[in-house]
2 protein chains.
Amino acid sequence: MSDAPRSHAATSALLTDHYELTMAASYLARSMTATATFDLFVRSLPPERRFLVAVGLADAVDYLAQVRFTDSDLEYLRAGGTFAEQFLDYLADFRFSGEVWAIPEGEVCFPDEPLLRVSAPLIEAQVVETALLNTVAHQSAIASKAARVALAAGEHAFVDFGARRTHGPEAALRGARAAYIAGAASTSNVLAGKAYGIPVSGTMAHSYVMAFADERDALRTFARDFPSKAVLLIDTYDTVEGAHRVVEVARELADEGVRIVGVRLDSGDLGPLAHRVREILDRGGLRQTRIIASGDLDEHRIAALVGDGAPIDSFGVGTQMGVSADAPALGAVYKLVEYDGRPALKLSTGKVTLPGRKQVWREVRDGVLTVDTIGLEHETGIAGRPILAQVMVDGTPVDGRGTLEQARERCTRALKELPPSLRDLEARDVAPPVRTSRELDALVAHMTNEVR
Amino acid sequence: MSDAPRSHAATSALLTDHYELTMAASYLARSMTATATFDLFVRSLPPERRFLVAVGLADAVDYLAQVRFTDSDLEYLRAGGTFAEQFLDYLADFRFSGEVWAIPEGEVCFPDEPLLRVSAPLIEAQVVETALLNTVAHQSAIASKAARVALAAGEHAFVDFGARRTHGPEAALRGARAAYIAGAASTSNVLAGKAYGIPVSGTMAHSYVMAFADERDALRTFARDFPSKAVLLIDTYDTVEGAHRVVEVARELADEGVRIVGVRLDSGDLGPLAHRVREILDRGGLRQTRIIASGDLDEHRIAALVGDGAPIDSFGVGTQMGVSADAPALGAVYKLVEYDGRPALKLSTGKVTLPGRKQVWREVRDGVLTVDTIGLEHETGIAGRPILAQVMVDGTPVDGRGTLEQARERCTRALKELPPSLRDLEARDVAPPVRTSRELDALVAHMTNEVR
């Protein structure tokens, strides 16, 4: 689906919790190889979220199509002494042969809705748990945060500046992609630009200014070197002074055909500073020069700046979006919902699971999402369109999984469909618009009774 | 330093913010190739931290030794149209040739102290900024969180269960390593076990129990398959019932030589449940069977359980440690402190940088860390031992960078040396025990004057 550089870790079958292997060994010893269905879902939203954006499917499908135990993996397991040769032989030929349904990337979703539904021989479905959770939950967490930034920014652009703050290089790549799906205009991450075709942006840092003895020299030099692309950083010493210097430099270099595309503010009280800078630029004849603001921004600060009418054209968002700082983990789970044709139910305190193979039907009226109904796959008569689509058949990715741009368009559309209560960035305790179908309710009631 | 699977992203020179390249191009065009020194440091601690643990140096050094622009990278940059051929030619031969000093992995450290100090021709030192920040800040964030878990657990063991919750597969690997340095007894992550030689643990999940029609069958089967290693999960339906079933199964299988190593509780009120389960196991003759607790644990919950005397032998810690949930980003920065022999200073609001090539001297009295002094590299007469060590010379890693076990021992020692105020998990507003030297103060005063 993409030609992104992938770590060996990303397709290694050893990227799994040890218990997946011990369980698998026990299943094999007992020939428990009937088909199992697992749902990957989130039990409840973090308090800071009203909805999720599903992302990570592309990497999940790539993983399932490629996952292997290498010879050196098997050697490592053999040396551990826990596993029988029969099991290691089985792992040598391990392939994922199952079927997968999923909520497409970019789609909005809610708790209890299966982001992935995996049906495969029990061992195959079990061994891939850890990697699937890791892949889908991370990317959906970042996309869900980025979608809130998109809602705050509205018609203003925002740019992913997260590369230096994510949890490793791979997270920087995957995060840039998730942010782009959620609406980021570009990324500062060059490798993400190359890997995914995302527009790349960014021009200068404080260190550049500091490498010159005089700030004016730095601004002048950079503008000359990038006569039609320079965004000048103006807060290294004093933002207002910096704005005046940009005007001077622009005048000085106008004859050379140099045009200052933008200035960037990266510290201080951004709203008032943007007003002062805008005024200085305008009076200096730089009405076309855009103002970019950055510096520990999140959706709340952006919403406040936009609400106050700060003359900021574009927001650079790093840390807060790159690690989804206020909700860095979604607590996604991967639960057995059917084994050998028998629905399965877990009743641990606070951890009830909806049994059976399920689909989600979404009702949208007059362009507004009204309700999702989680029902059993083969139920009929539920209003709305089914949102889970099949993405793998017999271990092979289905055609037409869609492009990154389509995922981005899907997200833009889905965010527009959100009702005001779900778009509200400050809201708390809004119930997700999700219900269960009558047949599903009946199944849960029946099974709870039976177990108890 | 390790044979961990590394993503292409982890050594790609394109894993950089775009502005690093535009600045580099400008430097090259001006022949600004004098030696620059950058410090990688944290300006202030997150409110939830009293100290940091430095981790990530191994990957940072590997990156610096291997970083390259590939032909396809250059093709991508060429297609963007921003860069001149002269610059692309330069990048084709790009190697990091500088010197690096660092706080060794596992060492405790504080704000303003350089975790890395990089001296290299300006362009080289600049282009590696994003990747170094990404690598060191992430791993130090996880290690710093894990160190708090280690302080809470005290003599009890804790295990890294984070693999499914980290930000991608690479973060799962690096996180397991960081947690191990900070004191984790083992990890559930099999790939981390293989890559780093970390002990691996974990036996069964709820899905195993649910794949059987009867809980007793599940427990019995698993115990038989792993007669000397089984840790049985007992909360799938009802924890207390589960404990009784373990006693039954143990009795039933005693003649077969089966020994139940442990039981795991993963939900509910863990303290009271552990007491009841301990009682049931003891009365059932299973005094040797250990109790492992898991389920959204962090240092606060572990400290409370340990403080209440809950009979829990080992804690499984996943989400909270795997993403350092309460402080998922450290806000590390990489700042120019010297260029061409001239100290550099940044005065942006709230972002003052200490100029010059620096060292940190640590005073430990009677086994307790009393104060760190940040001074200029060549200062003499500062009390304590210098903690930054040279790790690269002329772009080549120096010998004797130490093993993972040495980093772990260093961390154990460093945590023991912390004074009570820094060990306190609930403390807020404790000033870090860091001061600046007289010569450094004088330099800052002189330069501030000069700039203003």
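**Legends to close-up views of a predicted model**

**View 1. Domains 1 and 2 of chain A.** In this predicted model, the C-alpha centres of domain 1 of chain A and domain 2 of chain A lie 47 Å apart. Domain 1 is assigned in three segments, 8–142, 327–351 and 392–432. Domain 2 is assigned to residues 202–293.

**View 2. Overall build of chain A.** Chain A has 452 residues, of which 57% are buried. Its secondary structure comes to 18 helices and 19 strands. Taken along the principal axes, the box filled by the C-alpha atoms of chain A is roughly 80 × 55 × 40 Å. When contacts in chain A between residues at least 6 apart in sequence are considered, 75% of them join residues at least 24 apart.

**View 3. Helices α8 and α16 of chain B.** Helix α8 of chain B spans residues 169–182, and helix α16 of chain B spans residues 404–417. Their axes come within 7 Å and cross at roughly 50 degrees. On the α8(B) side, the contact is made by Tyr180(B), Ile181(B) and Ala182(B). These residues meet Leu404(B), Ala407(B), Arg408(B) and Cys411(B) of α16(B). By residue class, the contact of α8(B) with α16(B) holds 6 nonpolar residues, no polar residues and 1 charged residue.

**View 4. The side of chain A that touches chain B.** The contact between the chains takes 88 residues from chain A and 88 residues from chain B. On the side of chain A, helix α2 (residues 18–29) gives the most, with 8 residues. The residues on this side of chain A divide into 42 nonpolar, 31 polar and 15 charged.

View 5. Two copies of a chain are related by a rotation about an axis and a shift along it.

Key: Residues numbered from 1 in each chain as written. Chains lettered and ligands numbered in written order. Predicted model: local features only at pLDDT ≥ 70, side-chain atom pairs only at ≥ 80, totals over all residues. Helix = DSSP H or I, 4+ residues; strand = E, 2+ residues; numbered from the N terminus. Buried ≥ 20, exposed ≤ 12 C-beta atoms within 10 Å, placed from the backbone. Contact = placed C-beta atoms within 7 Å. Axes fitted to C-alpha atoms, helices over the stretch in contact; angles between N-to-C directions. Nonpolar A, V, L, I, M, F, W, Y, C, P; charged D, E, K, R; others polar. Domains from an automatic or database assignment.
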